[in-house]
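Here's a quick briefing to read alongside the model. Keep the viewer open and follow along.

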Amino acid sequence: MPIKLENVGIAVSDLEATIAFFTDLGLTVLGRDTVSGDWADTAVGLDGNHAKIALLQTPDGNGRLELFEHIHPDAIPTGPTLPNEIGMHRVAFSVDSIDDALAIAARHGCHPLRGVATYGDVYKLSYVRGPSGIIVMFAEALQKG
């Protein structure tokens with residue numbers, strides 16, 4: 001059976017702020033909607049599911065994020081995910097310049113968890129705590145081309 005990744009869904013507390021963060025990084029909004037009804041309850045497995053959603057795409061067209069902000073039932077805040085917790089961990093992006101990506105993130109009040117690390121002679125890497133506590137990894141290839 002052929003399989004293809006469609007998108008990664010992320011629940012957020014502020015859809016507009018999260019869209020602003022990711023569009024500043026270069027993603028584009030493919031669509032927005034408000035969803036509810038029996039089909040949404042069935043698909044998600046949550047009675048009374050009502051949410052605002054936005055689908056974003058990376059500039060290369062290969063990656064998509066579906067962001068959703070719950071209207072009903074109320075969203076349940078959780079503590080920030082720690083790097084060693086089991087479960088959904090992070091979303092990672094290749095960037096041309098880690099310094100530029102970190103500057104964009106900083107404009108949204110999002111800063112590295114610890115700093116910028118170098119993985120051998122392959123990548124410069126940094127984990128940033130993004131909107132709604134999302135961990136976002138930036139990776140800049142050290143050998144271009």
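Predicted model: local features only at pLDDT ≥ 70, side-chain atom pairs only at ≥ 80, totals over all residues.

The protein chain holds 3 helices and 8 strands, and along the sequence they come in the pattern β-α-β-α-β-β-β-α-β-β-β.

**Overall picture**
- The C-alpha trace of the protein chain spans about 50 × 35 × 30 Å along its principal axes.
- Of the 145 residues in the protein chain, 28% are buried.
- Take the contacts in the protein chain with a separation of 6 or more: 52% of them are between residues 24 or more positions apart.

**Helix α1**
- Helix α1 covers residues 15-24, and its buried residues are Leu15, Thr18, Ile19, Phe21 and Phe22.
- Look down the axis of α1 and those buried residues fall within an arc of 160°, so they line one face of the helix.
- What do the buried residues of α1 pack against? Their partners are the strands β2 (28-36), β3 (50-57), β4 (64-72), β5 (91-94) and β8 (135-141), plus the helix α3 (98-107).
- At the start of α1, Asp14 has a side-chain oxygen that reaches to within 3.2 Å of the backbone nitrogen of Glu16.
- After α1 comes Gly26, with a positive phi near 120°.

**The four-stranded sheet**
- There's an open sheet of 4 strands, ordered β1-β4-β3-β2, and its pairing is mixed.
- β1 (8-11) and β2 are the edge strands, each pairing on one side only.
- From one strand to the next, the twist averages 20°.
- β1 and β4 run parallel and are joined by 4 bridges.

**The nonpolar core**
- The largest nonpolar core has 23 residues.
- Which residues have the most contacts inside that core? They are Phe22, Leu65, Leu67, Phe93, Val136 and Phe138.
- Two or more residues of this core come from each of α1, β3, β4, β5, α3 and β8.

- Phe21 sits in helix α1, and it counts as buried because its relative accessibility is 0%.
- Not counting residues up to four places away in sequence, Phe21 touches Ala105, His108, Cys110, Gly130, Pro131 and Val136.
- Phe21 and Ala105 are 84 residues apart along the chain, yet their C-alpha atoms are separated by 7.0 Å.

**Val95, in a loop**
- Val95 lies in the loop between β5 and α3.
- Is Val95 buried or exposed? Val95 counts as buried, because its relative accessibility is 18% and the cut-off for buried is under 20%.
- Leaving aside neighbours within four places in sequence, Val95 is in contact with Ala101, Phe138, Ala139, Glu140 and Ala141.
- Val95 and Asp121 are 26 residues apart along the chain, and their C-alpha atoms are separated by 16 Å.

Terms used. Residues numbered from 1 in each chain as written. Heavy atoms only, no water. Buried < 20%, exposed > 50% of the residue type's maximum accessible area, 1.4 Å probe, protein only. Arc of directions from axis to C-beta. Contact = heavy atoms within 4.5 Å. Polar contact = N/O pair within 3.5 Å; in protein donor to acceptor, adjacent residues only side chain to side chain. Pairing = 2+ DSSP bridges. Axes fitted to C-alpha atoms, helices over the stretch in contact; angles between N-to-C directions. Core = buried A, V, L, I, M, F, W, Y, C linked by side-chain atoms within 4.5 Å.
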